[in-house]
Amino acid sequence: MTTTRLPRKATALLAGLVLAALAGCGAADKGPAEALGTKGPAAPAKAVPAAPPGLAGMPPLLDPNDVYAADRPNKLSPVVKDFPSRVYVPNTSSNTVSVIDPVTYKVIDTIPVGIQPQHVVPSWDMKTLWVNNNRGHTLTPINPATGEAGKPVEVHDPYNLYFTPNGKYAIVMASMDKELVFRDPHTMDRVKTVPVTCFGVNHADFSADGRYFIVSCEFSGELLKVDTEKMEVVGQQKLPFEGAMPQDVKVSPDGKTFYVADMMAHGMWVLGGDKFETPKLLPTGKGCHGLYVSRDSKEMYVSNRGEGSVSVFDFTQNKLTKKWELPDGGSPDMGGVSADGKVLWLSGRYNSEVYAIDTTTGKQLAKIPVGGGPHGLAVYPQPGRYSLGHTGIFR
């Protein structure tokens, strides 16, 4: 038998290939390499569920359990901290805005505006107050630093005005036009018109994440659920009460529950916004109309326009705990809470007056004569980082 010798270099190369193959087999047999300092493969990380994304561009809540955490007493934004404290009262019959000094309880100015002013609305950036001249089809801007009115802007049927939580759009509640109109928040140019099938769209509030808002339809007794980003109605329901007339809308501090005042059902409708379930009625008083949250987020003041009273709802106890009767009756309607949280201001819709009420005792501090048909008054400035509209919904 003849033996053939390989050259020395070839022998070395072959040996190297055999060793490499053996090393590869060994690695494959052992499986994945272990991490240093461990006795076996690392345990897979537990999946952490991501929080539901909020509306793009919306400032995050200061407290995920309290949408009103930015509204604490006297916590004024640098934008508004130097504005004089005033109460702006739109008089629907007089076509004016009465300006009240809250220290002296005196009317210090009367501003002529358009026809049938309904609400005074702080802009999203809080730099402007917009007067909604419903039948004049204009918005009158007021500079809250000087109290001076600017040139009116043409906007059709502006019964009420809101702003998306990211500040991207203004939303005009065109009540008679049966439309929700999304507009540029500064120029008020029309961006998108959303026709609705209900009658009398008027008030609204947003979910905690800003992704939807719920709207009351006064004249057909209905509620709408609207996708904020898509600018589309995604839900609609008839309230389970014959002759219902829903008014103001407010979300609970934890963002889970919506309350809707109803002046004919004489109470608040209570429902979960996410599921948009059939609401239940909580009686408060005749002509239930306006809803305002206290500065500590513990209570909500409910104006009962038909009986001259204010009911106090406790969020934690989930029930009404007090009722304050105005000494001379009256028609408490829309308004807001003072920056320090000590005074609730409400317009007297059918009495040409404004009420100042102590939020600790319920005592009426003042009754101030104003123009005819006072409606959606705004206390300004108020705490918060930005405005969602109406007479002052701040986050």
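I began at G336, which stands opposite W345 in β26. I note that this is a predicted model, in which local features need pLDDT of at least 70 and side-chain atom pairs count only at pLDDT 80 or more, while totals for chains, interfaces and linings use all residues. Residues are numbered from 1 along each chain as its sequence is written, and side-chain values use heavy atoms, without hydrogens and water.

I then looked up the strands themselves (DSSP runs of E with at least two residues, numbered from the N terminus). Strand β26 covers residues 343-348 and runs antiparallel to β25, to which four bridges join it; two strands count as paired if DSSP finds at least two bridges between them. I found an open sheet of four strands in the order β25-β26-β27-β28, with antiparallel pairing. β25 and β28 (364-369) are at the edges with a single partner strand each, so one side of each has no neighbour in the sheet.

Next I turned to cavities, sets of points on a 1 Å grid over the protein atoms alone where a 1.4 Å probe fits but cannot get out, with lining residues having an atom within 4 Å of a point. Of the 17 residues that line the largest cavity, D71, V293, R295, Q382 and G392 are the closest to its centre. I also noted that β21 (288-293) and β25 (332-337) each supply at least two residues of that lining.

Key: On a 1 Å grid over the protein atoms alone, a cavity is a set of points where a 1.4 Å probe fits but cannot get out, and a pocket is an open set with protein on both sides within 12 Å along at least five of seven lines; lining residues have an atom within 4 Å of a point.
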